[in-house]
Amino acid sequence: NCMEPLSINLAIIFGSRLTITNFMDIAIPYFLHRQKLKKETSGIDEAKKDDITKAEKEYYLMQYKPMIDSIQNYADTAVQYGFTLLFITALPCASFFSLLNSYVKVKFNAWKLCRLYQRPIPAGAQDIGTWQTIFAIISVASVVTNAALVCFTMDVLWGYSLQGRVWIFIGFQWVLIFCQFVAQAIVPDVPEDVHIQLERNHFYNEKVVEKVEDEDYDETEADDEFEDNQAGGGAAG
């Protein structure tokens, strides 16, 4: 089977990511944290270490670097996303392994942020920047690679001539790429509930922070409108 070596390699990659990579992501920061803790408390008597305040304990934690750590996390996610999509036909269960690895990684990252690092300073961002383009390129490239694997490597289409497989290869790409663009057009970039919360935050910011005054409100017009509504309701009754 021509696909067997590729399937085995993908299984090894995801297996190592689930075990070795995640273990190193925890072991290295933990070792660095212990080294810093030992260095910071080297001049303190053992009897007095129990009297260390919570603020001092948090100071002993490692400093979180949002820029560097965010780039590393996005790069790791992009690599996993690429392995999952580019060769999904060779190992269909790769999507499950990717989901499992993402779940484990989220739990480990949460533990590291709470136990090993100082609280990061919150910073806003408009979007994920260039990484969105990278993920989009991987999504389009995966259509080409999987179409090539199905048409020219797997034996499911060997009954067709080479010319027939080429046309299937071309049609396969155009159909799936068209489906991608349709999905992008249908699914909103910002969900409706998130849009409502953003509008609410914008309103609070205007009124509380920027002290924007309310628009002029004519009480006379409001009373006339109320009376008209009352009259209309009475007539309907």
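The model is a predicted one, in which local features need pLDDT of at least 70, side-chain atom pairs count only at pLDDT 80 or more, and totals for chains, interfaces and linings use all residues. Residues are numbered from 1 along each chain as its sequence is written, and side-chain values use heavy atoms, with hydrogens and water left out.

The buried residues of H5 (under 20% relative accessible area, with a 1.4 Å probe and protein chains only) include Trp131, Phe135, Ile138, Val143, Asn146 and Leu149. The 24 residues of H5 should span 34 Å at 1.5 Å a residue, and its end C-alpha atoms are 33 Å apart, which agrees. The expected span is 1.5 Å times one less than the number of residues. Helices here are DSSP runs of H or I with at least four residues, numbered from the N terminus.

## Packing of H5 with H6

Two packed helices are described by the angle between their axes and the distance between the axes. Helix H5 (residues 130-153) and helix H6 (residues 162-186) have axes 9 Å apart and pack at an angle of about 155 degrees. H5 is therefore roughly antiparallel to H6, a term for angles over 145 degrees. Axes are lines fitted to C-alpha atoms over the stretch in contact, and angles run from 0 to 180 degrees between N-to-C directions.

On the H5 side, the contact residues include Ser139, Val143, Ala147 and Cys151; on the H6 side, they include Leu162, Phe169, Phe172 and Leu176. By class, the contact of H5 with H6 has 14 nonpolar, three polar and one charged residues. Ala, Val, Leu, Ile, Met, Phe, Trp, Tyr, Cys and Pro count as nonpolar, Asp, Glu, Lys and Arg as charged, and the others, Gly among them, as polar.

## Packing of H1 with H3

Helix H1 (residues 4-40) and helix H3 (residues 66-86) cross at roughly 150 degrees, and their axes come within 11 Å. H1 is therefore roughly antiparallel to H3. Leu10, Ile13, Phe14 and Arg17 of H1 meet Asp76, Val79, Gln80, Phe83 and Thr84 of H3. This contact of H1 with H3 comprises five nonpolar, two polar and two charged residues.

## Arg34 in H1

Helix H1 also contains Arg34. Arg34 counts as partly exposed because its relative accessibility is 42%, partly exposed being the range between buried, under 20%, and exposed, over 50%. The C-alpha atoms of Arg34 and Tyr60 are separated by 9.4 Å, although these residues are 26 residues apart along the chain.

Terms used
Helices (H or I, at least four residues) and strands (E, at least two) are DSSP runs, numbered from the N terminus. Angles under 35 degrees count as roughly parallel, over 145 as roughly antiparallel, 65 to 115 as roughly perpendicular and the rest as oblique. Contact means heavy atoms within 4.5 Å.
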